[in-house]
Amino acid sequence: MEETVIKTPGVKRLIFPDMVEVNPSEATPLQKRNVPGYFLTIWVGIWVNLHMALLAFRAYKSIKKTRTALRGLQEFKEKAFAKNGRRKFSVKNKQYWFGLYVPPFPSKNFDRFILTELNRYVPHSTPVNAYQQVNFAITTKCPMRCEHCFEWDNLNLREAFTLAQLQEITKKLQQDGLGHISLSGGEPMVRFEDMVELIRSGEKSTEWWILTSGFNLTEAKAKRLKDAGATGVVVSLDHHYAEINNKFRGHKDAFGHAVRAAEATVNAGLSLAISVCVTRENANREFLTKHTSLCESLGAHFIQWLEPRAEGHYRDKEVLLQPDQITVMEELFVEFNHDPKNNQFPPVMYHGYHQRRVGCMSGGKFSFYVDALGMVHSCPFCHSNDFKITDWLEMPKIGRKEITACTSF
């Protein structure tokens, strides 16, 4: 394997040994993540805490209830995100982003998100979200053949939804309160025009994210997504070596698609997250450090680490990480997010970390998943097949108990 140099005008050359070259002639200026300094970090932390305290007091009109709810939220944060619960953040468009699934601060969406979380500890009468996040697979079509695909059995079948049905379903979701919706597939870029119209016609009270391999996501298309009201793009990039990534994704140019999509996303003014499935072969300090460095070089605002689950194409296979590998990942999760020497790295989201400490926040609690055929599940990795989402349109109201909670952790 050859050495890759990503040429970026005005930015120090970025070198990743043994990677296959990423067509330098097509490289565009990388807009590096705006890394907050020490004093800004302190100030924003104080501002956010005071703001949340005021939100809570307005909702409860009681000092005792306010303290109880805020204490519950703080204890949760300490368990879920380590140390004192303080979260690294990214700065974009004069707002502060604490997580892929957390709306930016300050914003009305952030306030509603916090009020929804406080309501879990001490109920109040202020409006809250029925669900904080929904992952909605809007197409079965996909040009990739990813090794870990959880939609493997549904790929390239007849589409389950018309554009009108997608609009009707998302409208109902938003009416009940929805903080974040992820549009996935298959590959949602295959259904680009419908996706743009779906976002454009939807309420902007929800953060709209696209989950993609990067397939055919040009800067022009990224700008159209932003103009329609999209918040950001989650690009799947599973290795810093192009050859290995392409093999894992079952496509000869998967790495190129992902890198170009990341650049297009940032240059269009959208937020960028990079998602990686950390397999048994990769759950080590060297891989995670190199991959995180690549994400940082591409201007990612967040990185999402996923553990492989025995579902979809991985069903009945020995893919779960070993205890010592999980230990390494958890140690690095803490180091990358809390050690000042790693401040240049984007915030890392690692669901396995909090799931082992506070339980899963998916089905019935925080979010759920709608697969490409329209079946509702706890999450993409726990296929519960609870009911068909289109049947929900005939139901008076969805209830949390109707979605099976994840029990894997």
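Mentor: We begin with the word contact, which means that heavy atoms lie within 4.5 Å. Please keep in mind that this is a predicted model.

Trainee: Which residues does Glu 307 touch, not counting residues up to four places away in sequence?
Mentor: With those places left out, Glu 307 touches Val 278, Leu 321, Ile 326, Tyr 350, Gly 352 and Arg 356. As for its place in the chain, Glu 307 belongs to the loop that runs between strand E10 (302-306) and helix H10 (323-338).

Trainee: Is Glu 307 buried or exposed?
Mentor: A residue counts as buried when its relative accessible area is under 20%. Glu 307 has a relative accessible area of 10%, so this residue is buried.

Trainee: What polar contact joins the side chains of Glu 307 and Tyr 350?
Mentor: The side chains of Glu 307 and Tyr 350 are joined by a polar contact of 2.6 Å, and a polar contact of 2.5 Å joins the side chain of Glu 307 to that of Arg 356.

Trainee: How many disulfides does the count come to?
Mentor: A disulfide needs two cysteine sulfur atoms within 2.5 Å, and by this rule the count comes to 0 disulfides. Take Cys 277 as a case: the closest cysteine sulfur, in Cys 146, is 9.8 Å from its own sulfur, which is too far for a bond. Cys 277 is also buried, with a relative accessible area of 4%.

Note on methods:
Residues are numbered from 1 along each chain as its sequence is written. This is a predicted model: local features need pLDDT of at least 70, side-chain atom pairs count only at pLDDT 80 or more; totals for chains, interfaces and linings use all residues. Side-chain values use heavy atoms; hydrogens and water are left out. Buried means under 20% relative accessible area, exposed over 50%, partly exposed in between (1.4 Å probe, protein chains only). Helices (H or I, at least four residues) and strands (E, at least two) are DSSP runs, numbered from the N terminus. A polar contact is a pair of N or O atoms within 3.5 Å; within protein, one must be able to donate a hydrogen and the other to accept it, and residues adjacent in sequence count only if both atoms are side-chain atoms.
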